[in-house]
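Here is a short briefing to read alongside the model.

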Amino acid sequence: MSTPKVVMILDKDLRLVMNKGSDDDVKLGDVYLVFELGDTLYDPDTFENLGQLELVKGRGKVIHVQEKVATLETIETEKITHRSSPNSFSRVLNPLAASGSSTEEIPKPFLYPKVGDLLKKISK
């Protein structure tokens, strides 16, 4: 069986379509590593070929499966902080609100995904 690959990029790099589906035993909830191959590495002492470096672009979970394709959604997240802008009304009602902020976790896009990137199943 050939290595799964990215065939389409959706939603500002938050979802990807791969060229494997239920015909290839892909199931809802499967988790894949998305990567591209970098330079070939050699051991500095023995000069043995260590293979190519995997340049990781993220991890995604299968959210939809068809016979020949499946859709992955990023499972990486990043935290962003929202700072509230103080106004006189909020200072009167709540003096602490003037310096308040809130943190939110949002989905982190895959890192520069492209058609042809490789996928490796890492868990169910």
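In this predicted model, K120 counts as partly exposed because its relative accessibility is 33%. Its side chain meets that of E54 in a salt bridge, with 2.9 Å from N to O. That pair links distant parts of the chain, since E54 is in strand β4 and K120 in strand β8, 66 residues apart. E54 is likewise partly exposed, at 32% relative accessibility.

- A search of the whole structure turns up ten salt bridges.
- K121 and D30 make one of them through their side chains, at 3.5 Å from N to O.
- K121 belongs to strand β8 (residues 118–123) and D30 to the loop between β2 and β3, so this pair ties together parts 91 residues apart in sequence.
- E76 and R59 form another salt bridge, and their closest N and O atoms are 2.7 Å apart.
- Because E76 lies in the loop between β5 and β6 (77–83) and R59 in strand β4, the pair ties together parts that are 17 residues apart in sequence.
- Here both partners are partly exposed, E76 with a relative accessible area of 24% and R59 with 32%.
- A network of salt bridges links E36, K57, K114 and D117.

**Overall layout**

- One helix and eight strands make up the secondary structure, in the order β-β-β-β-β-β-α-β-β along the sequence.
- Of the 124 residues, 24% count as buried.
- The accessible surface comes to about 8,400 Å², and carbon and sulfur atoms account for 54% of it.
- Looking at contacts between residues at least 6 apart in sequence, 61% join residues at least 24 apart.

**Strand pairing around β4**

- β3 and β4 pair in the antiparallel sense over ten bridges, with L41 standing opposite G51 in β4.
- These two strands form a hairpin with six residues between them, and F47 in the turn has a positive phi of about 65°.
- β4 also pairs with β5, again antiparallel, over five bridges; V62 stands opposite L72 in β5.
- The β4 and β5 hairpin has four residues between its strands.

**Inside: the nonpolar core**

- Eleven residues form the largest nonpolar core: V6, L16, M18, V26, Y32, V34, V62, A70, L72, F110 and L119.
- β2 (15–18), β3 (31–42) and β5 (70–74) each supply at least two residues of this core.
- Y32, one of the core residues, touches residues including P4, M18, V62, L72, L119 and K121, leaving aside those up to four places away in sequence.
- P4 lies in the segment before β1 (6–10) and counts as buried because its relative accessible area is 13%.
- Beyond four places in sequence, the contacts of P4 include M18, Y32, D117 and L119.
- The C-alpha atoms of P4 and G21 are separated by 9.6 Å, the two residues being 17 apart along the chain.

- L41, L50, L53 and L55 make a nonpolar surface patch of about 320 Å².
- Strand β4 (residues 49–65) gives the most to this patch, with three residues.
- L53 lies in β4 and is partly exposed, at 39% relative accessibility.

Key:
Residues are numbered from 1 along each chain as its sequence is written. This is a predicted model: local features need pLDDT of at least 70, side-chain atom pairs count only at pLDDT 80 or more; totals for chains, interfaces and linings use all residues. Side-chain values use heavy atoms; hydrogens and water are left out. Patches are made of residues with over 30% relative accessible area and no salt bridge: like charges are joined within 9 Å, nonpolar side chains (Val, Leu, Ile, Met, Phe, Trp, Tyr) within 5 Å. Accessible areas come from the Shrake-Rupley method with a 1.4 Å probe; for residues, only the protein chains shown count as cover. A salt bridge is a side-chain nitrogen of Lys or Arg within 4 Å of a carboxyl oxygen of Asp or Glu. Buried means under 20% relative accessible area, exposed over 50%, partly exposed in between (1.4 Å probe, protein chains only). Contact means heavy atoms within 4.5 Å. A nonpolar core is a set of buried Ala, Val, Leu, Ile, Met, Phe, Trp, Tyr and Cys residues joined through side-chain atoms within 4.5 Å. Two strands pair if DSSP finds at least two bridges between them.
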